[in-house]
Amino acid sequence: RVLSAALCMLALGGASAHASLVMASTHAQSAPPPPASDAGAPLTQAELEQLVAPIALYPDDLLSQVLMASTYPTEMVMADRWVKQNESLKGDALADALAKQGWDASVKSLVNFPQVLGMMSEKLDWTVKLGDAVLAGQKPVLDAVQALRAKAQAQGNLKSNEQQTIVVQQGPTQVIEIQSANPQVIYVPTYNPTVVYGAWPYPA
């Protein structure tokens, strides 16, 4: 049930993402995510791409945490409320207070990205669907991420810049990595999913 670090490393291609997944998976073993909802048939490629479109261009480290955290939707809501109630906490005080919370490590990691945490809490239906998709099959989700990254790159909307470095791993299957240009700072991109990937090939 816990996200496979090896599988995510293969699909995302990032060594740093692998390290984050190993850390989060280790912490998550004591608190397995809830079972996936009975959603019937698996999602199609079109549905998966629509589902991950808002996050597919996130740096690999952040994306891995978002995918894992989505399997704990209730904790996401709790964490978002906690952050809003404790906006004055900074630095060590924040770390100490956060350590006392019983949430999964992936959820705790998103406290440092309040805009992402807030989005996942407010769009809870989307978060639940994403979490269910991850639990049902990690590889199709990550394949959809790679498909969208390729589309964004083809449109000229995925390039290395001051905030991020794009690395393309060639092989039997091309893998596009998105790494933070500064390892100490993870940049959260803002983009319009209906524009950045070009003409959407699927009906709305």
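Predicted model: local features only at pLDDT ≥ 70, side-chain atom pairs only at ≥ 80, totals over all residues.
**View 1. The largest nonpolar core.** This core has 48 residues. Those with the most contacts inside it are Ile55, Tyr58, Val66, Leu110, Val116, Leu130 and Tyr197. Which elements give it two or more residues? They are α3 (45-52), α4 (60-69), α5 (73-85), α6 (91-99), α8 (114-122), α9 (124-136), α10 (138-154) and β2 (175-180). The largest share, 6 residues, comes from α10.

**View 2. Around Tyr197.** Here we zoom in on one of the core residues with the most contacts. Leaving aside neighbours within four places in sequence, what does Tyr197 touch? Its contacts are Ala53, Ala56, Leu57, Leu148, Lys151, Ala152, Gln155 and Tyr191.

**View 3. Helix α9 and its cover.**

**View 4. Where α5 meets α8.** The axes of these two helices, α5 and α8, come within 9 Å and cross at roughly 130°. That angle makes α5 oblique to α8. The crossing of α5 past α8 is left-handed. On the α5 side, the contact is made by Met76, Val77, Ala79, Asp80, Val83 and Lys84. From α8 come Pro114, Leu117, Gly118, Met120, Ser121 and Glu122.

Technical notes
Residues numbered from 1 in each chain as written. Heavy atoms only, no water. Core = buried A, V, L, I, M, F, W, Y, C linked by side-chain atoms within 4.5 Å. Buried < 20%, exposed > 50% of the residue type's maximum accessible area, 1.4 Å probe, protein only. Helix = DSSP H or I, 4+ residues; strand = E, 2+ residues; numbered from the N terminus. Contact = heavy atoms within 4.5 Å. Axes fitted to C-alpha atoms, helices over the stretch in contact; angles between N-to-C directions. Parallel < 35°, antiparallel > 145°, perpendicular 65-115°, else oblique. Left-handed = near helix turned anticlockwise from the far one by under 90°.
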